[in-house]
Amino acid sequence: VCRLTVMQGKEYGKVYDIDALTVRYGRKMLTVGREEANGVFVDDFAESYISRRHCTLEKISQTLWQIRDGQWDFDNGVWKNSMNGTYVNSDRVDQNGRLLKDGDIITIGDTKLKFEL
C-alpha cells in the first residue's frame with residue numbers, strides 16, 4: 001500500500017492511502033492541495049501558503065510515483081505552478097517533477113507529508 005502520512009501540520013498523523021484514491025478517482029494522477037475536491041485535501045493552519053491544487057502525484061507503475069509542482073490547467077491548456085513551491089527532502093520540485101522514494105518528505109506550505117511504499 002502506498003500512502004502519505006502527515007508528519008507536521010494541522011492534521012498530524014492523518015494517513016492517505018493514495019493507491020486506493022487513484023482507484024477511486026479512476027486515474028493515475030491525484031492533485032494535492034487545500035481544495036476539498038482534491039484527491040488529497042490538506043487542511044493547514046496557514047492555508048494561504050498552500051494552493052488550491054498545489055501539486056500533482058502521478059502513478060507511473062506499481063512501485064513508481066512522480067511528484068510535480070502545480071497541475072495541468074485544462075481550461076487554458078497550460079501547466080500552472082503553485083504559488084509557494086513544492087519540496088521533497090528540502091529540494092524544490094518543478095513542473096518536470098521527480099520520482100519519489102520510500103521515506104521522502106514532501107513539504108507544501110507548513111505541512112510535511114511522508115511518502116511510504
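Strand β1 (residues 3-8) and strand β2 (residues 15-17) run antiparallel and are joined by three bridges. Strands here are DSSP runs of E with at least two residues, numbered from the N terminus, and two strands pair if DSSP finds at least two bridges between them. The model is predicted, so to speak of local features requires pLDDT of at least 70 and side-chain atom pairs count only at pLDDT 80 or more, while totals for chains, interfaces and linings use all residues. Residues are numbered from 1 along each chain as its sequence is written, and side-chain values use heavy atoms, with hydrogens and water left out.

**Exercise 1.** With which strand does β1 pair over five bridges?

*Solution.* Strand β13 (residues 111-116) pairs with β1 in the antiparallel sense over five bridges. To place the pairing, take L4, whose bridge partner in β13 is F115.

**Exercise 2.** How many cavities of 30 Å³ or more does a search of the whole structure find, and what lines the largest cavity?

*Solution.* First, the term: on a 1 Å grid over the protein atoms alone, a cavity is a set of points where a 1.4 Å probe fits but cannot get out, and lining residues have an atom within 4 Å of a point. The search finds one cavity of 30 Å³ or more. The largest cavity holds about 40 Å³ of space, a volume being the space filled by probe spheres set on the points. Its lining includes V6, G9, Y16 and L113. By class, five lining residues are nonpolar, two polar and three charged; Ala, Val, Leu, Ile, Met, Phe, Trp, Tyr, Cys and Pro count as nonpolar, Asp, Glu, Lys and Arg as charged, and the others, Gly among them, as polar.

**Exercise 3.** Describe the largest pocket and the second largest pocket.

*Solution.* A pocket is an open set with protein on both sides within 12 Å along at least five of seven lines. The largest pocket has about 360 Å³ of space. Of its 17 lining residues, T31, R53, Q71, W72 and F74 are the closest to its centre. The second largest pocket has a volume of about 170 Å³. Eleven residues line the second largest pocket, and S51, R52, R53, K80 and M83 lie nearest its centre.

Conventions
Helices (H or I, at least four residues) and strands (E, at least two) are DSSP runs, numbered from the N terminus.
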